Amino acid sequence: MPLEARGTVVATLLDFDGVLVDSEPAHLAAFNDVLAPRGIKIEEREYLDHFLSLDDAGVFRTALFRRGVTLREEEVRGLVAAKSPRFMARFAAAFRVFPGATDLVVRRAARGPVGIVSGALESEILFALEKMGVRGKISFVVSAERSPASKPDPAPFLLALRELLSLSSSGSAVAVEDSVGGVRAAKGAGLRCVGVAHSFGQGDLRSAGADAVVENLASLTDALLDDVS
């Protein structure tokens, strides 16, 4: 029986920014560093409402498009490249893991494969996993570079499910997300999804389709994650 989105849970698919690490303020500041020469500033409310689930390329495209500018792909790549070191400098200087994140990864890895499914760059994800001491617990990473589209498109999760097929022939997976767009991406891939209200309110995550919602990682029990009824 091929691995399905529903069934006995053997795999956990974790978002990265906003679920494991408190990195969104550093992302926003780095975006604004790069956009400042263009006279553009993304306000926090705009970032949360429109950009939170997008990868870096998607943020730059959308931010400029909302202001009447259409970017060429080489311009997008240049902006992404300029943003990365600015983000990493802030991220490394003020590295913060959400309480319970390391324990969550360790617990879930003891029950089955754990994958990271994120719009972040792979180098950013691996840096954090090394700092957390859990890189060896992660079976695979679906990063911005690997996916043909970013959340809220289901493409990253569909790619993750293909990764899981190479690891397991039966069972299912559950996703953990903190954003409306992330929840929609997981549900679009046919996954059960638990929302963590780090970035959006519980009501917003439920309205987006989350099967269950918790306030924080301390409330994210294995019983809840494994409940696929």
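## Largest cavity

In this predicted model, helix 1 is the main contributor to the lining of the largest cavity, giving three residues. Helix 2 and helix 3 also supply at least two residues each. The volume of the largest cavity is about 170 Å³.

The lining of the largest cavity comprises 20 residues, and those nearest its centre are D17, E24, L52, S53 and L54. Sorted by class, this lining holds eight charged, seven nonpolar and five polar residues.

The model has two cavities of 30 Å³ or more.

## Largest pocket

The largest pocket has a volume of about 180 Å³. Its lining is made up of G18, D22, E24, P25, L28, E44, Y47, L48, L52, F98, H198 and S199. Helix 1 (24-35) and helix 2 (44-51) are the elements that give two or more residues to this lining. By class, the pocket lining has six nonpolar, three polar and three charged residues.

## Helix 3

Helix 3 spans residues 56-65 and is mostly covered, with seven of its 10 residues buried. The buried residues are D56, A57, G58, V59, F60, A63 and L64. The cover over them includes helix 1, helix 2, helix 4 (73-93) and helix 6 (122-132). Helix 3 also supplies at least two residues of the lining of the largest cavity.

## Nonpolar cores

The largest nonpolar core has 45 residues, and the members that touch the most other members are L13, I42, F60, F157 and L191. One of these, F60, is a buried residue of helix 3. A second, separate core has 34 residues, including V176, V194, V196 and L225.

Which residues does F157 touch, leaving out those up to four places away in sequence? The contacts of F157 are L13, V117, K151, A175, E177, G182, A185, A186, A189 and L191. Of these partners, L13 and L191 are themselves named among the core members that touch the most others.

Key:
Residues numbered from 1 in each chain as written. Predicted model: local features only at pLDDT ≥ 70, side-chain atom pairs only at ≥ 80, totals over all residues. Heavy atoms only, no water. 1 Å grid on protein atoms, 1.4 Å probe; cavity = no way out; pocket = protein on both sides within 12 Å on 5 of 7 lines; lining within 4 Å. Points joined across faces, edges and corners; volume = space filled by probe spheres on them. Helix = DSSP H or I, 4+ residues; strand = E, 2+ residues; numbered from the N terminus. Nonpolar A, V, L, I, M, F, W, Y, C, P; charged D, E, K, R; others polar. Buried < 20%, exposed > 50% of the residue type's maximum accessible area, 1.4 Å probe, protein only. Contact = heavy atoms within 4.5 Å. Core = buried A, V, L, I, M, F, W, Y, C linked by side-chain atoms within 4.5 Å.
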